[in-house]
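Open the model in your viewer and keep the sequence panel beside it. This tour tells you what to select at each stop and what is there.

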Amino acid sequence: MAEGGDFDVCLQTYQYIYRRDLLKGKVAFITGGGSGIGFRIAEVFMRHQCSVVIASRNLEKVKAAAAKLEKATGGKCLALPMDVRKADQILAAVDAALSHFNRIDILVNNAAGNFLCPASKLSFNAFKTVMEIDAHGSFNCSKAVFDKYMKDHGGSIVNITATLHHRGVALQTHAGSAKAAIDAMTRHLAVEWGQHGIRINCVAPGPIDDTEGMRRLGGAKQTGSMEILRREIPAGRLGTKEDIANGALYLVSPAGSFVTGTNLIVDGGHWLTQNITAMLGKL
Ligand SMILES: CC/C=C\C/C=C\C/C=C\C/C=C\C/C=C\C/C=C\C=C\C(=O)SCCNC(=O)CCNC(=O)[C@H](O)C(C)(C)COP(=O)(O)OP(=O)(O)OC[C@H]1O[C@@H](n2cnc3c(N)ncnc32)[C@H](O)[C@@H]1OP(=O)(O)O
Ligand SMILES: NC(=O)C1=CN([C@@H]2O[C@H](COP(=O)(O)OP(=O)(O)OC[C@H]3O[C@@H](n4cnc5c(N)ncnc54)[C@H](OP(=O)(O)O)[C@@H]3O)[C@@H](O)[C@H]2O)C=CC1
């Protein structure tokens, strides 16, 4: 595994719901596609015959991830360096993707930054950093792909948000605020860009097992918080990366062709019951 990479083994089995050539001929650009949820979205899209671009800061990591994805799926995956906080890098990556594949039908704004921190200890720069990665990054990538391709060809954009801001969660003011901004941006862009044949939606994951994001809650595991989380989820289990990838797949597929400006919550009903503020307050 490349240094810093946390992509896991590719799925040994995948339960196909849609036909296998669902995304044949399409190209998807996935930010932060070298690990966690983004990696699984790339894999599931490639298993449906989509060509994929994965882009993040750590080129060595995305290159290793791309090689692994190509081997597992037999599809095409291009790895590119890109920091979503840097406009010049976004524009260069979108240009490189278009030179390589000639099209970008799907954009998944998945890259994000997060950590646990009480608002009272959050520095101005810490809040700004998360807003820049999540909210500004999602807008800037959307705008670059719109200007350079989707404006004239249409397409589908999926923003990965979270359920944090639906009720409010301790230690997550920065992340919840950034995700709320993306949520609102999605509805505005759906209204403005519908005339270009572009649909734009969110997938909002609840707590997802076995990702860097959740591993950062290492202390929580020791205090039994994962079990508390599981008990709060009406579906009786933590979400998986496949759950989120399948949500994204639905939205970009013809099955989602009349869906735009929505926020698809994929959390087993967790946000309806969540009471993790007390749990996080103990960390
Ligand atoms: C991680 C939290 C997970 C779960 C949240 C909690 C509860 C879960 C349970 C239920 C909630 C209900 C539903 C939602 C379920 C789950 C969670 C939701 C969202 C999960 C999101 C993610 O997992 S996002 C992906 C996570 N992955 C990453 O963050 C990888 C990328 N991250 C980074 O690159 C860094 O962490 C970074 C974001 C800090 C950016 O790095 P860099 O550009 O190098 O910035 P720095 O210079 O290091 O820092 C900038 C300023 O930020 C301050 N900072 C950094 N780290 C911390 C910290 N740990 N605490 C406080 N402040 C921090 C730093 O000091 C800088 O500020 P200065 O003022 O000092 O300049
Ligand atoms: N895990 C969970 O339980 C939940 C996750 N989510 C959301 O799901 C998405 C994926 O999270 P998850 O898979 O857990 O996290 P990971 O940390 O595994 O993935 C985040 C990815 O974003 C990339 N990234 C971070 N900063 C930047 C940047 N400035 N520019 C470009 N790429 C960047 C990272 O790569 P690199 O370091 O190479 O840049 C990494 O591959 C995020 O939007 C997250 O908020 C939402 C709710 C719950």
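Select asparagine 102, which sits in the loop between α3 (87–101) and β4 (106–109). Helices here are DSSP runs of H or I with at least four residues, strands are DSSP runs of E with at least two, and both are numbered from the N terminus. Asparagine 102 counts as exposed because it has 9 C-beta neighbours inside 10 Å. The scale runs as follows: a residue is buried if 20 or more other C-beta atoms lie within 10 Å of its own, exposed if 12 or fewer, and partly exposed in between, with C-beta atoms placed from the backbone. The phi of asparagine 102 is near 70°, a positive value in a residue other than glycine. Most residues other than glycine have a negative phi.

This is a predicted model, in which local features need pLDDT of at least 70, side-chain atom pairs count only at pLDDT 80 or more, and totals for chains, interfaces and linings use all residues. Residues are numbered from 1 along each chain as its sequence is written, while chains are lettered from A and ligands numbered from 1 in the order in which they are written.

Next, select glutamine 49, in the loop between α1 (36–47) and β2 (51–56). Glutamine 49 also is not a glycine and has a positive phi, of about 70°. Its 18 C-beta neighbours inside 10 Å are why glutamine 49 counts as partly exposed.

Now go to proline 118, in the loop between β4 and α4 (124–153). Proline 118 has 13 C-beta neighbours inside 10 Å and therefore counts as partly exposed.

Turn to the ligands. Which residues come nearest to ligand 1? They are Gly113, Phe115, Ser123, Ala126 and Gly213, out of 27 residues around this ligand. A residue is near a molecule if its C-beta atom, placed from the backbone, lies within 6 Å of it. Colour α4, α7 (212–215) and α12 (276–281): each supplies at least two residues of the shell around ligand 1, and α4 gives the most, with 4. By class, this shell has 15 nonpolar, 10 polar and 2 charged residues. Ala, Val, Leu, Ile, Met, Phe, Trp, Tyr, Cys and Pro count as nonpolar, Asp, Glu, Lys and Arg as charged, and the others, Gly among them, as polar.

Select ligand 2, which is surrounded by 31 residues, the closest being Gly32, Gly36, Asn58, Ala112 and Gly213. Here α1 and α7 each supply at least two residues of the shell. The shell around ligand 2 has 12 nonpolar, 13 polar and 6 charged residues.

Move to the largest nonpolar core, which has 71 residues. Such a core is a set of buried Ala, Val, Leu, Ile, Met, Phe, Trp, Tyr and Cys residues joined through C-beta atoms within 7 Å. Ala42, Phe45, Val52, Ile54, Val145 and Ala248 have the most contacts inside it. α4 gives the most to this core, with 9 residues. Select isoleucine 54: leaving aside neighbours within four places in sequence, its contacts (C-beta atoms, placed from the backbone, within 7 Å) include Ile30, Ala42, Val62 and Cys77.

Finally, zoom out to the chain, with its 12 helices and 7 strands. Of its 283 residues, 46% count as buried. The C-alpha trace spans about 50 × 40 × 40 Å along its principal axes.

Conventions: Contact = placed C-beta atoms within 7 Å.
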